[in-house]
Amino acid sequence: MSEQDDLMAEAFAHLEAGDPESALEIGKRLESMQYSGAYEVQAMAYADMDDMEQAVAILEAGVAHAPGVWLLWQLLGNYRSDLGRFPGAIEAYEAAGNCAPDEDLVIVDFNHANALARHGDFTSAQTRLDRVLENPHLAQAGRAFIENAIALRMHLFNAQGEPNAAIATYESLHKHERDDEGSNVAMADVLAELSLAYKQSGDNEKALASALEAVQLYKWSDTALWALRAARDAQSDTAQVMHLIVEGHWYEPLEDEDPDGPPPEFVTTYDVVADDAAEALRLIAECEPPQVRDSLRIAETHPVDHDEESPAPYKGVYATGEYHMYQPGEDID
């Protein structure tokens, strides 16, 4: 490997470890070496530091310096899309498609379709997504990628009031058994879209069942949490918005712990709309593995201000925090 390759690997390791500042320094060093990967590293570091404007500016300098590097164009499209600059994002994806290798066009087209969907151009998004699903290199992208593409197709059908088409799309995927290459994250979004399709078609029972299955796969999916709230469609003038600290007992030792040792305890957070703490705990339990539900307890409750002039929000879970595991008896911060 070259020195530049070694530095890129080191930069990505820093990004993976949550240290964007160190990655940024490496990116600047790579830029002084006239290496095009410098712009990718710096942009990702700025994005991790929530400075999307600077991330876009770095990428715009990058594509001016190396207009034939498709990865820079694609990342520029992604970040412009995140900022709501859809015409600029689409322009970047078109440039990426003009220089990407054939086997990578499937990725460019998917991100292009996603930006079109965000922009509300559902017809063009469907056309672009057709290119993804018909691409001869689709299988090489992996099962998780295919699940993401199916979730987007279902979302487009739901957005256009065609829930039966969304359900049929799911059924065509579901005929193929999942494998280890799939993703709980992607499949949670697929099931969330299935729930929204059932809700739109009037089958509330299946809508609720699919949403509950989605949050069990990946409780951090905003789409899955929204689908679960929509499936219940429950509102109350007395409901409160609460930020809760929740404790519980995990059901198995962690991978790096003694397999014969005790399972850890955990603490996590939830943002919930409910009439009271007891109802909030019931809603929280639906997002947790069945094995831990009896151990759950609310350690702290913090009311959150809600604009009185806004409509009463749907009851349910709105956000979930990460797990912080610890052994019984350990002090936690």
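This is a predicted model: local features need pLDDT of at least 70, side-chain atom pairs count only at pLDDT 80 or more; totals for chains, interfaces and linings use all residues.
Contact here means heavy atoms within 4.5 Å. The secondary structure comes to 14 helices and five strands. Taken along the principal axes, the C-alpha atoms of the protein chain fill a box of roughly 60 × 50 × 45 Å. Where contacts join residues at least 6 apart in sequence, 64% of these contacts are between residues at least 24 apart.

Two domains are assigned in the protein chain: domain 1 covers 3-174 and domain 2 covers 234-326. The centres of domain 1 and domain 2, taken over C-alpha atoms, are separated by 33 Å.

Two helix pairs were examined. Two packed helices are described by the angle between their axes and the distance between the axes. In the pair formed by helix α3 (residues 37-48) and helix α5 (residues 70-82), the axes come within 10 Å and cross at roughly 20°. Because this angle is under 35 degrees, α3 is roughly parallel to α5. The crossing in which α3 passes α5 is left-handed. On the α3 side, the residues in contact are Tyr39, Glu40, Ala43, Met44 and Ala47, and these meet Leu72, Leu75 and Tyr79 of α5. By class, seven residues of this contact between α3 and α5 are nonpolar, none is polar and one is charged.

The crossing of α11 and α12 is left-handed. From α11, the contact draws on Asn184, Met187, Ala188, Leu191, Ala192, Leu194, Ser195, Tyr198 and Lys199. From α12, the contributing residues are Asn204, Lys206, Ala207, Ser210, Ala211, Glu213, Ala214 and Leu217. The contact of α11 with α12 comprises 10 nonpolar, four polar and three charged residues. The charged residues are Lys199 of α11 together with Lys206 and Glu213 of α12.

Technical notes: Residues are numbered from 1 along each chain as its sequence is written. Side-chain values use heavy atoms; hydrogens and water are left out. Axes are lines fitted to C-alpha atoms, for helices over the stretch in contact, and angles run from 0 to 180 degrees between N-to-C directions. Helices (H or I, at least four residues) and strands (E, at least two) are DSSP runs, numbered from the N terminus. Angles under 35 degrees count as roughly parallel, over 145 as roughly antiparallel, 65 to 115 as roughly perpendicular and the rest as oblique. A crossing is left-handed if the near helix is turned anticlockwise from the far one by less than a right angle, and right-handed if clockwise. Domain bounds come from an automatic or database domain assignment.
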